[in-house]
Structure formats: C-alpha cells, structure tokens
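Here's a quick briefing to read alongside the structure. Have the viewer open and follow along topic by topic.

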Amino acid sequence: MGALVQIENLRKEFGNVRALDGVSFDVQAGEWIAIMGPSGSGKTTLINILGGLDTPTSGQALVDGVDVARLDEGGLARFRAEKIGFVFQQFHLVRYLTALENVMLAQYFHSTTSESEAREALTRVGLADRVTHLPGQLSGGEQQRVAVARALINSPKLILADEPTGNLDEANEKIVLKLLQELHDEGHTIIMVTHAPSIGELADRRIDLAHGRLAAEHVARRA
Amino acid sequence: MMFGRLLWKLLRSNRGRLAVALVAVISGSAVVSALLTVQLDISRKLTQEFRLLGPNIVISAKNSGQNMKLEGGHLALRPAEDQTNASGASLAAMAPFFYTVARVSGTPVIVSGTWLDQLPRLNPTWRIQGDWIADHDGNGHSLIGRKVAQQFGAVPGSDLELETGERHAVLRISGVIDSGTAEDNQIFADLPTAWRLANDPNAVTLIQLNVTGSSAAIGAYAGHLEASMPDFNVHPVRAVTDAEGNLLNRTRLLIVSMILLIMALTALCVLATMTALATERRADVGLMKALGGTITRIVGLFLAELGVLGAVGGVIGCFGGVALAEWIGRRVFGAAIAPRWEIFPLTIALMVVVAMAGALPLQALGKVKPAVILRGE
C-alpha cells in the first residue's frame, strides 16, 4: 500500500514559539502510528494540522493526496467531514444530544444521516443499550466509545486520536485500545498521540517528537 | 429530518434562556399587533368620535344673507345623497334649516324650521328631556332649547304659542334640548310651520350635513357636491375635518413610533439572550466545525432556532394583541376594536425579523477555531 500521509518539512509557529520545526515523515495506508513526546513537543499541533483543524506556517502535509495547507475554510470543513475521524481526550460530545444523535451529527455534516447505521456503530462499540442516553448519563469510557463510533461512522481515510485513553480508568482504557486494535486489524489508518509507552508499543511505528522536531522513530518489534 | 431533530434539541437544551427571549417576543408581538389593529381601526374610530361634534358640511346660498329655495322638497337634496358613492364618504344625517324670528308672550325668539327627526343624528351629543321626534314634520310637535324652556316655563307636553304679526302657531312641546350651545335659545319647529310664520314658503337658510368618512373622503365629497350643486356654496367645517386629519396623522405617527420602539426593545432583549448563548455555544460550534460542519450550516441551525422563536412568539403574541386591542378600544374609544386577522402574518414576519437581530452575536462564532476550543481554551 502507498503512503496515505506525507509530511514534508512541516513548520508551525505561534508568534515567537515554534511548535513544529521541519517535521517530515510518511504514513502508509493501514498503518498505526503512535506520536509520543513530552508536553509542548508539538504532538497535538501535528495532529491538528493533519486533521485540518489548523494550518501550517510552511511545509506540506498531504493526506490522501490533499495538501491541507492549500485548503480554504470550506475545503477544510469538507476535508474533515470526508477524510478524518477524530477521537479526543476530552471526548467532546454535544451534551444535549443522545449517544445516537452524537454519532448522527457526524453523518449530518458528512452527507445524509442513517439512524440504523449509527445504531450499528454504537452496537459495535458495545453501547447498543445506551443509544438514547445523554453524555451526562454515560461513564467516561462509554463516552469515549461513543466518540469512537462517531469517528468511524463516515468510514474516514484517517483516524486521529489525541490521548484517547488519557481520561479513562484502566478497564475502560483496555476497552478503547481493543477497539483501536480492531480498527487497525480491519485496515484503518490510525495516528494516535499518547504519553504512555505501553500504549505506544501497540502501534506499528512510534514517532518521538521533541521541541517540534522528529527526535526518534521506532518500528515495533512485532512488525 | 436530522436538521429538525437538532433544532428541537437546541430549543429544548436552552429553554431557560430562550424562555426569556420568547417572553420578550410574545410581549413585543402582542403590543405591536394591538397597535397595528388600533392603527387600522383608528380612522373609523376617530371619524365616529368626530361625528359626535355635529355637522361637518354646511350648504348655503351663493349670495350670503339670502335664502335658498327648496323647490321640489326632498328631491332638491338628492345630489347630497348621490355623491356618497363617488367619494367613499357616507351621509349620516342631513337637514335643511330655515331661521325666522317669532314672539312668545311678546318676547322675540329664534325659530329654527328643520327636519325634526334629523336633529339627534346631526348632533349626537345633544341631550333631551322628553322625546325626540320621529318624522320630518313632527305632526304639530316641536323641540325647544333649554333656556327657552326656562324662560317661558315650558315642559314636555305643554303648548307654546308663537306669533309673527298676523300669523301664529301653537306647538306641542315634545322635548327640551340641552345642547350646551346657542341652540339652547332656539325653538325647533317643522319647516312648513316656520315658512308659514315667516310667510316665505320653501325658503332655506342653510343645509347641515353630518358625513362620515376620512377627512380626505369628506373633502372629496364636498368637492363633488359643489360641482353638482353649482347654485350653492358647500363649506366643509374645516375646524372639524382638519382637526380630524391632523389628529389622525399624529396618532398614526405616534403608533408607528411606538411599534418601532417596541421592536427595537424586543430585538435588544433577544440580542442579550443570544449573546450569552453564543458564548456558551463556542464549544459546540468548535466541535461541529471539527466534525466537518461549515459555519453556514452551523449558523443556519441557530438562525432556524431564532426563526422558530420569532414565529412562535409572534403567533402567541398576536392572540394576546387581539385581547389588548379590545381593551384599548374599550378604554380609549368606549367600544371594542374588532380583530384584524390580516395583521397576523405581518406581525409574525416582523417578530421573525426582530428575532433575527439576535443573530448578530453569532457572527463571532464564525471566528471560532476548533483547535483552540478542543484544547479546552
């Protein structure tokens, strides 16, 4: 399989602060990448640029052949809807929508909604009996599983997970990681930011960032 | 489908804040629809009020000081009736008057010969002790002014003897009139009696008309009448018609000003609510953008929310406005104002426009950076 993501000499500056300083690497389709590094190393900035939530100061970030830096507001919105599935550390569910509606919200911004498909996605993450619950009525782990279902619903090219287990207890962490493993096994491309080395080892490849630069790259032994 | 679902959830999730805005829109709609109803009805109401002031058109001879001749009796006044169709005005009452002087117990008194049945319609504010007369000629009955009655000790049912030289007439008094004007010093007799006392058959000093309609319609009526009665002078009573026109214009200006003020205040209230909601919704907007929502689509949801707010508030307020207009009608004009259903769509549209003013703070949502929001900032 070819490279789904191609990053070349990517730079991002916030005023005088250089968050990314010439990062370059490729991600093959179907690969699971773990981005690691200390706080302030540029992990989240990198994920945001790849997800079209932010734009680089210079350099190139190609996702499925689309140069994210060249997209306008409308193009970025379309790109996010069609190519990216997000899983955030803080879950970020809409508090007044049920689990089902939160999943359907992603469908709504992508194209048309299908309640049955949204139910299937929730069933897949083990929440068949929680579809009508509001986020406030769900545990942290359940909320994150809703977020995973939402990320999957539009069959995105790339799943971006920013500390997906950062707010979960051990039991829920296992459930979410198992889900990510299943997605990877099915051929989904995943880029995941994490602090935990044990989680990073689940990925095919680990990229370490430090001060906005690529500090090291490790290929998992099992691969 | 999903749009409606999202809209419903948005409305439900913020019902506390939106209830405040809804109350403002309902109140605004009620007052605006009531004022619009009054505005549409004010012309008719004012016309009714001004008709109480008495005759508003007087017809007299071309040469002042001369009497007209009412040849052909009632038929001579047909133009006055015919012209109502052309002008949009309506003839409420009309009577010829012939004034002469007779003596009662040797004291000179003005005798006003007229169509006696027209007096209460020409002068709705006159009060009477006794009975009005139901036909033109009164069958020997007459009405007298309050001061004449006091002077000669006359009461309803008593007789009054009038004389002018060799001619005399005895009139049975049907009622005593209290006009509060110079007419309190007059005796109102039928025209043939007045002509006989003056020995001047068919003479008419002037003709009084009470015409209903807008001041413009009355002016047009007077113009048409003058053209069709070239031998007479037709005088609209300017003090009445002009005052009516001026008051109508000022009242309309006042009502329109109040409507604009109420709309501005309602918009401010909605604006304040939506400013607070826009701040609260930054996180939702950031997330929706991250999920691929364009700002047009996201703000479209909020605009629909405002549209529903304006429409629902407008409809409820319109019904409140019906009650309010009726109350205003009773308090100000002494009669209920009928609901004007045609103002419902206008009021609802105005309230939707007013509610849309609340969209101004939503402009700030366009600048929301999803990356910033998702970082929790």
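How many residues of chain A are in contact with chain B, and how many of chain B with chain A? The count is 23 residues on chain A against 20 on chain B. Keep in mind that this is a predicted model, with an ipTM of 0.91 and a pTM of 0.70.

**Where the chains meet**

- On chain A, two elements give two or more residues to the side that touches chain B: α2 (73-83) and α3 (99-110).
- Of these, α3(A) supplies the largest share of that side, with seven residues.
- Sorted by class, the side of chain A that touches chain B holds 13 nonpolar, six polar and four charged residues.

**Confidence**

- Chain B has an average pLDDT of 85, and 92% of its residues score at least 70.

**Chain A at a glance**

- You'll find seven helices and 10 strands in chain A.
- Of the 223 residues in chain A, 51% count as buried.
- Take the contacts in chain A between residues at least 6 apart in sequence: 67% of them join residues at least 24 apart.

**The cores**

- The largest nonpolar core has 116 residues, and the members touching the most others are I33(A), I35(A), L50(A), V103(A), L122(A), I191(A) and V25(B).
- Helix α2 (residues 15-51) of chain B gives this core its largest share, 13 residues.
- There's also a second, separate core of 46 residues, with A92(B), V109(B), L119(B) and F188(B) among them.

**Helix α1 of chain A**

- Is helix α1 (residues 43-50) of chain A mostly covered or mostly open? It's mostly covered, with eight of its eight residues buried.
- After α1(A) comes G52(A), which has a positive phi near 75°.

**The six-stranded sheet of chain A**

- The strands of this open sheet are ordered β6-β7-β8-β3-β9-β10 in chain A, and the pairing is mixed.
- At the edges sit β6 (84-87) and β10 (213-219) of chain A, each pairing on one side only.
- From one strand to the next, the twist averages 20°.
- β6(A) pairs with strand β7 (residues 158-162) of chain A in the parallel sense, over four bridges.
- To spot this pairing in the viewer, look for F86(A), whose bridge partner in β7(A) is L160(A).

**A hairpin in chain B**

- Strand β7 (residues 159-164) and strand β8 (residues 167-178) of chain B pair in the antiparallel sense over six bridges.
- L160(B) has L171(B) in β8(B) as its bridge partner.
- Two residues lie between the strands of this hairpin, where G165(B) takes a positive phi near 65°.

Definitions and conventions. Residues are numbered from 1 along each chain as its sequence is written. Chains are lettered from A and ligands numbered from 1 in the order in which they are written. This is a predicted model: local features need pLDDT of at least 70, side-chain atom pairs count only at pLDDT 80 or more; totals for chains, interfaces and linings use all residues. Two residues are in contact if their C-beta atoms, placed from the backbone, lie within 7 Å. Ala, Val, Leu, Ile, Met, Phe, Trp, Tyr, Cys and Pro count as nonpolar, Asp, Glu, Lys and Arg as charged, and the others, Gly among them, as polar. pLDDT is the predictor's confidence in each residue, from 0 to 100. A nonpolar core is a set of buried Ala, Val, Leu, Ile, Met, Phe, Trp, Tyr and Cys residues joined through C-beta atoms within 7 Å. A residue is buried if 20 or more other C-beta atoms lie within 10 Å of its own, exposed if 12 or fewer, and partly exposed in between; C-beta atoms are placed from the backbone. Two strands pair if DSSP finds at least two bridges between them. Axes are lines fitted to C-alpha atoms, for helices over the stretch in contact, and angles run from 0 to 180 degrees between N-to-C directions.
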